[in-house]
Amino acid sequence: MKNFKFDIDYFRNQFPAMRNTVNGYPAVYLDGPGGTQLPKRVMDEMVDHMTMHNSNIHGVFRTTLENDAIIVNARKTFADFFNCEWNEVCFGENTTTNNFKIAMALARTWKEGDEIIITDIDHEGNRSPWRTLEDFGAVIKNVALKPDGIELDFDDFMSKLSDKTKLVAINWAANSCGTITDVKKYIDEAHKVGALTVVDAVQYAPHGIIDVKAIDADIVQTSPYKYYGPHCGAFYCKKEVGDSLKAARVMADDNTEMPFRMETGTMCMENASGAAEAVEFIADIGKRHAEMFEEETADLTGRRKDIVCGMLAMDTYEAQLADKLRNGIKDIKGLKLYGPCAGTPQTATVSFTVEGMNSNDIAKKLADLGIFVWDGEFYAIATIWEVLKLQPYGGMVRIGMAPYILESDVDRTIAAIRAICEA
């Protein structure tokens, strides 16, 4: 990276929501871990789809043929996002539902005593679907967190991995605090015993580069509404894995080819189209910052290169903002930051509690000032309730950076948190 300067004005001006106000204050959208705002081009794409190309699929008339082409093009766009083939890109309602579909497919062929490994760092969307397989005789094992940080205990994982393990559900970036896990290390070990791997990349995808070939995952789940798209799920499924699954779908014993076999019924096609446009938006950001990342992307070409440049630019800017926020609040009396140990990668998510204060009260006071943050457990139930036992605080306050955030927004947020905690 050379001479980095993020084009914040170009990025921010594409989001109509940036004009929003609360009680006379400009809105500060620090709620990105729960979902980002949408650029106008994504909304325009969805409106155009519903206005000019609205139809069901696989017919012979104009709009249905156009719709077929739009969805194939959406898969090709996401193929560049994941670094895979277009017929390995699947769409669905959301990541949790997509995992339930896969769990149902596995339930049709697994036998009693087959083992599944889940983790205490994950969102319930990558825990609960696999736990339902206990009803079919599966044995669930949990990987613990290290006691000195919100990081997975690899030794504990290895102690639970065996030749009975059929699936490993692993988290790439924790939605509680942003801890980034070296998923390839876990995937490599899982494959040694023949286990399938499902990676929850929902929180990683807005901040990091996904290369499914590099990590050799079998399934990688993402939620486009976390990276400037509409509410839906988009995931990678390795073709040979998808072809081997007895998918739960209409005509359940007559499974069609990938990727359609992983999708049930008529998908929300305007959302798939909008999600692909969100990826195109990231690629456009990459084009504007390409010169800064020539060395990092020297081996890449085309849209894949643009996407990677876009991710690098956004993540670099977000990381600067997150560091500024952490440094600005870390010395507040009674405030405790949560995250991995120093040196462990982390997304631009800042989570904390304050002694003697309920996190919901803090979030409400910030909301009155036009500063949007999350509080509670965010479905990271094992992490926040069972491991950290943060019930007395009502869970954490969680702040997430997105590239439409200004440095002045961070200054405002630091001042507001200080005022609330020191009142």
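Me: How many aromatic pairs does the structure hold, and what makes two rings a pair?

Reply: The structure holds 22 aromatic pairs. Rings of Phe, Tyr and Trp (for Trp, the six-membered ring) count as a pair if their centres lie within 6.5 Å; planes under 30 degrees apart are stacked, those over 60 edge-to-face, and the rest tilted. This is a predicted model, in which local features need pLDDT of at least 70 and side-chain atom pairs count only at pLDDT 80 or more, while totals for chains, interfaces and linings use all residues. Residues are numbered from 1 along each chain as its sequence is written, and side-chain values use heavy atoms, with hydrogens and water left out.

Me: Why is the aromatic pair of Phe15 and Phe281 called edge-to-face?

Reply: Their ring centres are 5.6 Å apart and the planes make an angle of 80°. The distance is within 6.5 Å and the angle is over 60 degrees, so the pair is edge-to-face.

Me: What makes this a link between distant parts of the chain?

Reply: Phe15 is in the loop between helix 1 (8-12) and strand 1 (21-22), whereas Phe281 is in helix 10 (residues 269-288), 266 residues apart. Helices (H or I, at least four residues) and strands (E, at least two) are DSSP runs, numbered from the N terminus. Both Phe15 and Phe281 are buried, and both belong to one aromatic cluster, which also includes Tyr228 and Tyr404.

Me: Why are Phe78 and Phe81 separated by about one helical turn?

Reply: Because they are three residues apart in helix 3 (residues 62-82). Phe78 and Phe81 form an edge-to-face pair, at 5.8 Å centre to centre and 75° between the planes. Both are buried, and they are among the members of the largest nonpolar core that touch the most other members.

Me: What makes a set of residues a nonpolar core?

Reply: The members are buried Ala, Val, Leu, Ile, Met, Phe, Trp, Tyr and Cys residues, joined through side-chain atoms within 4.5 Å. The largest such core has 110 residues. A second, separate core has 22 residues, including Phe235 and Leu245.

Me: Are Phe378 and Tyr379 buried or exposed, and how do you know that?

Reply: The test is relative accessible area (1.4 Å probe, protein chains only): under 20% is buried, over 50% exposed, and in between partly exposed. Phe378 is at 11%, so Phe378 is buried. Tyr379 is at 52%, so Tyr379 is exposed.

Me: What is phi in Phe378 and Tyr379?

Reply: Phi is near 55° in Phe378 and near 65° in Tyr379. Most residues other than glycine have a negative phi. Phe378 lies in the loop between strand 14 (374-376) and helix 13 (381-387), and Tyr379 is found in that loop as well.

Me: What makes a space a cavity?

Reply: On a 1 Å grid over the protein atoms alone, a cavity is a set of points where a 1.4 Å probe fits but cannot get out; lining residues have an atom within 4 Å of a point. The residues lining the largest cavity include Gln203, Lys226, Tyr228 and Glu318.

Methods
1 Å grid on protein atoms, 1.4 Å probe; cavity = no way out; pocket = protein on both sides within 12 Å on 5 of 7 lines; lining within 4 Å.
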